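Please read them with the structure open beside you.

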Amino acid sequence: MKGFKPFQSTTPFSLFNILSHRHDLLRFRFCSFSSVLFRTHHLNSHYLTCSFPYSSLLHSCNNLQALKRIHASLIISSGFQPLSVASKLITLYSQLNDFQSAFSIFNSFEEPNTIIWNSIIKSHVDSGLFGYALLQYGRMRELGVAHDSFTFPIINQAIWSLGCRVEYGETVHCVAMKMGFGQDVYFGNTMLEVYVKCGSIGNASKLFDEMIHRDLVSWTSIISGYIYGESFSRGFKLFNKMRMEMEPNSVTMVVMLQACSTFESLNEGRELHGYVIKKGSMVDRSVQNSILRMYTKTGGSGEEVETFFSEIEERDIISWNILIAFYSFRGDIAEVAERFNEMRREVTSSIESLTLVVSAIANCANLSEGGMLHCSAIKTGLHDTVLMTCLLALYAKCGALEISAQLFRDIPHRNSITWSSMMSGFTQNGFFKEAIELFQQMLASGLQPNHDIISTLVIAYTHLGALQLGKATHAFFLRNLSSWPEEDSAPLETSLLNMYIRCGSISSALICFNRMVVKDVVTWTSMIEGFGTHGLAFEALKIFKRMLESEVQPNSVTFLSLLSACSHSGLVREGCEVFHSMKWGFRIEPDLNHYTCMVDLLGRSGKLKEALTVILKLVACPDSRIWGALLAASRVHEDKKLGEYAAEKLLELEPDNVGYYTLWSNIEASVERWGEVEEVRRVMHERDLKKKPGWSCIEVKGMIHGFISGDTTHHQVEEICKVVGCLNRKIQEFGVSIV
């Protein structure tokens, strides 16, 4: 743009003022259109044609220097008539981003004609300067310049590109009708698009009904308006009505097939497929790909997809990408890899192809395959932010965080998805502090967080127990709640609920829960689990009752949380009732997790024989968790014989689990069997089994401080030890022994 500003306005322009100059506004209620077909009309052809001998040279200009040389030659040539090429020159200068030259040409005319005015307005529209285009039109109206059949379509394009309110479209419609353009098909089609993009399908329908002359664009526009206004049945009826007047073209068929894909209408899609075959439209590649996509999106069988794919004689990269995406969505990684290799033998892979395959490989965390795809991308020079972000996520899922971090640093223009992927990579691998630091870097870069980033941040705070930072995030969420769609807000609210629970603030969790408008089964289950982990089993049972009163059906996880709550609080009778209700009342078959909870419930209350009976009667093979629950109960109730039996079963299943050896050693020590204790420790030493040291963290003034057992690396370790020593002495003064 070379620093040139065509207009400067200190106050927002009013399209009403621009259009209503010397006119009384009428009110019309019609019109709307979708931009799918508008490009079938070419505004340029009207303005770029000139009979001047230099016309062919101007058409061949593709850089600014060449254009200026030809322009200079035109000026000094004999018999040069500026008016004959002005429109062409304005358009070319605008396309090459030299608006100063374009306006110099425009301003050189004392009274520019309609074509030149249209050209300067359209040059703004084509360059995305829609507001300036309307301001120019305002000047054109003030000067009383006549309009032609192209003027209002250009204005309509500016209006729908700006996303203006429907009243603006009605105003344009009103003025155009008064000027006699009401029955112009081209103008009518652009008005249809304005109304559709403004969401006024009623106006569009009325305009369409009143159009005397309707072409393919008119029909396809109103059909797409209904379809994308989520009225598929009405759109399909209009399509059938259209066929009585004229045959649809390939663009119309693509619109209809895309609608079938969007609304997952397989039967209607099959009908359209049959119609295409009958009319011989299968030669159009865009129609072929649309049919293929329809089968992949509407639940068509793999056989249908494969059959049609094999019938496409000249498959392009889009065809292959659709097939690869189909198998990727189904989680069939083997087929994705096989089809990708087949594709490379037939066509050159695109960056979209690589992105699809990388995303599929990331889901199964296949590091070697991901590395090969990364090498392929480097060799072929195919890389963009989306592909790099997918590779970043793949390496993170495979635990290769160093490569992920390097890719992140190599991405020049990072968007919110890139930041979110890197933060998720840190949290997935347990690097919660690094995720928080990355979030702070993102804020410093000036990027505002979206719901995915906030969700990842909440997960990090949850694992670190950073309650105050979590509260600050909750406050940010509440301030921006109105700008996020409901489907994104509900999961985030549940994450915040879990954060309060895990950070120990059950009262805040309950407040958060009660304020939630939409509560699904996950939300209810989270609150039940929260009360259970805080030893409030009766409250958990009350929440479960409220859940049933709200007509939300519990699932197996809900009952698992209830059983766990009863187990932690020692509510044997209530726990047994819950188990019976799940199995016989709600017809949910218990799995091994539920039986483990029952063993824990019975074991904690001293009913060790009943707990063992539950294990022995299992149809499924008992795993280490259920034997671990019995072993822990045996230790508490000093049942040495049962404890040894459970320990033997445990070590058969997981001979290298250091935690079970430690538990067994503690059981033997509790009954002073020091020889057995020594034997257990000898086995641990021989197998080089070492228990990982425990760690904890604390949040102080927005900073996270982590501590490992026996660690002395903290910069305030001396002050911390002094405070701990002081606390120990105070406790001993009260006669309490420190273990």
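At what angle do helix α29 (residues 486-502) and helix α31 (residues 521-533) pack, and how far apart are their axes?

1. The angle between helix α29 and helix α31 is about 0°, and their axes are 10 Å apart, where axes are lines fitted to C-alpha atoms, for helices over the stretch in contact, and angles run from 0 to 180 degrees between N-to-C directions. The two helices α29 and α31 are therefore roughly parallel to each other, a word that applies to angles under 35 degrees, with over 145 counting as roughly antiparallel, 65 to 115 as roughly perpendicular and the rest as oblique. On the α29 side the contact is made by Thr 494, Leu 497, Asn 498, Ile 501 and Arg 502, and on the α31 side by Val 522, Thr 523, Ser 526, Met 527, Glu 529, Gly 530 and Thr 533, contact meaning heavy atoms within 4.5 Å. The residues of this contact divide into four nonpolar, six polar and two charged; here Ala, Val, Leu, Ile, Met, Phe, Trp, Tyr, Cys and Pro count as nonpolar, Asp, Glu, Lys and Arg as charged, and the others, Gly among them, as polar.

2. On provenance, this is a predicted model, in which local features need pLDDT of at least 70 and side-chain atom pairs count only at pLDDT 80 or more, while totals for chains, interfaces and linings use all residues. Residues are numbered from 1 along each chain as its sequence is written, and side-chain values use heavy atoms, with hydrogens and water left out.

3. For the protein as a whole, the secondary structure comes to 41 helices and two strands, both being DSSP runs numbered from the N terminus (helices H or I, at least four residues; strands E, at least two). Buried residues make up 48% of the 739 residues, buried meaning under 20% relative accessible area, exposed over 50% and partly exposed in between, with a 1.4 Å probe and protein chains only. Of the contacts with a separation of 6 or more, 63% are between residues 24 or more positions apart.

4. Helix α35 (residues 592-604) has 13 residues that should span 18 Å at 1.5 Å a residue, and its end C-alpha atoms are 18 Å apart, which agrees; the expected span is 1.5 Å times one less than the number of residues. Eleven of the 13 residues of α35 are buried, so the helix is largely enclosed by the rest of the structure. The buried residues, including His 594, Asp 600 and Leu 601, pack against α33 (556-569), α34 (572-585), α36 (608-616) and α37 (624-636). At the start of α35, a side-chain oxygen of Asp 591 reaches to within 3.0 Å of the backbone nitrogen of Asn 593, and just after the helix Gly 606 takes a positive phi of about 90°.

5. Ser 319, in helix α19 (residues 317-329), is buried at a relative accessible area of 0%, and its side chain is joined to that of Asn 289 by a polar contact of 2.5 Å. Glu 306 lies in helix α18 (residues 302-311), and its side chain makes a polar contact of 2.4 Å with the side chain of Tyr 327.

6. Val 358, placed in helix α21 (residues 351-363), counts as buried at 1% relative accessibility. Not counting residues up to four places away in sequence, Val 358 touches Leu 373, Leu 387, Cys 390, Leu 391 and Leu 394; the C-alpha atoms of Val 358 and Cys 390, which are 32 residues apart along the chain, are separated by 6.4 Å.

7. Two loop residues other than glycine have positive phi values and may be worth a look. Asn 97, in the loop between α5 (82-95) and α6 (99-107), has a phi near 60° and counts as partly exposed at 43% relative accessibility. Glu 638, in the loop between α37 and α38 (640-653), has a positive phi of about 55° and counts as exposed at 59% relative accessibility.

Definitions and conventions. Polar contact = N/O pair within 3.5 Å; in protein donor to acceptor, adjacent residues only side chain to side chain.
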